[in-house]
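Thank you all for coming; I would like to walk you through one structure this morning, starting from the overall layout and ending with a few individual side chains. Please have the picture in view while I talk.

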Amino acid sequence: MNLTKKALSQALKELMTHIPFEKITINDVTNTAGVSRNTFYYHFSDINELLEWTYDNEIVNGLETYEDLETWKDGLLSVLNYTEENRKFCLNTFHSINRDRLEIFLYDITYGMLVSIMDQSYDETILKKDLKIQIADFYGRAIVSQVIHWLTTRLEEPKDQLIARVERVTKGTIELIIQNH
């Protein structure tokens, strides 16, 4: 991973612990990271791209190993741990005009895990591609909603209970949907 990109990412996260995202400038980020504006623009076109890169590189890229039936709970726990450890950063993103970035980040993770689990569990003759996409979209959005609710309620519910609730609500539903179609 590029050290300059990581330094810029860390600077943004540090600033977001006490400054609303909309008020952070490129100068703030570059001064905190100790690099020039030109260096910033060499790596990113704007702060939104840096925010997206931060989420992708800190959590998304490490989740490929959790995309099967046996490990999806570990993947969700990894996302919850990241959210908990970076609560101010995530909340600041959520409360900013870039709220959709956090939701997209979480959705991409859950959608990808759900599709991967269904790919491993059902072949195309049992679960058609369009139905798989609909299921992943619906449950991906539902799980994102639960994680955001957990984040905004000060992480009151223990992570293992949240994961168990997600499992309770989704377990067996895919089979039922397949039977009904």
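Let me begin with a term: a residue is called buried when its relative accessible area is under 20%, exposed when that area is over 50%, and partly exposed in between, all with a 1.4 Å probe and with protein chains only. What you see is a predicted model, in which local features need a pLDDT of at least 70 and side-chain atom pairs count only at pLDDT 80 or more, while totals for chains, interfaces and linings use all residues. Residues are numbered from 1 along each chain as its sequence is written, and side-chain values rest on heavy atoms, with hydrogens and water left out.

With that in hand, S96 counts as buried because its relative accessibility is 8%. S96 sits in the loop between helix 6 (87–95) and helix 7 (99–121), where helices are DSSP runs of H or I with at least four residues, strands are runs of E with at least two, and both are numbered from the N terminus. A polar atom of the S96 side chain lies 2.8 Å from the backbone oxygen of T93. If we set aside neighbours within four places in sequence, S96 is in contact (heavy atoms within 4.5 Å) with F21 and E22.

Stepping back, the protein has 10 helices and 0 strands, and its C-alpha trace spans about 60 × 35 × 25 Å along the principal axes. Of its 181 residues, 41% count as buried. Among the contacts with a separation of 6 or more, 68% are between residues 24 or more positions apart.

Now to the interior, and to helix 2. Which residues of helix 2 are buried? In this helix, which covers residues 26–33, they are I26, V29 and T30. Seen down the helix axis, the buried residues of helix 2 fall within an arc of 90°, taken from the directions from the axis to the C-beta atoms, so they line one face of the helix. Their cover includes helix 1 (3–16), helix 3 (37–43) and helix 4 (47–58). Just after helix 2, G34 takes a positive phi of about 75°.

Not counting residues up to four places away in sequence, L12 touches F21, I24, V29, I47, L50 and L51.

Finally, the charged pairs: the structure holds 8 salt bridges, each being a side-chain nitrogen of Lys or Arg within 4 Å of a carboxyl oxygen of Asp or Glu. In one of them the side chains of E58 and K13 meet at 2.8 Å, N to O. Since E58 lies in helix 4 and K13 in helix 1, the pair ties together parts that are 45 residues apart in sequence. K13 is buried, at a relative accessible area of 12%, whereas E58 is partly exposed at 25%.

Another salt bridge joins K159 and E84, at 2.6 Å from N to O. K159 lies in helix 9 (residues 159–170) and E84 in helix 5 (residues 72–85), so this pair ties together parts 75 residues apart in sequence.

In a further salt bridge, D137 meets R141, with the closest N and O atoms 2.9 Å apart. Both residues lie in helix 8 (residues 129–152), 4 residues apart, which is about one turn of the helix.

Technical notes
Polar contact = N/O pair within 3.5 Å; in protein donor to acceptor, adjacent residues only side chain to side chain.
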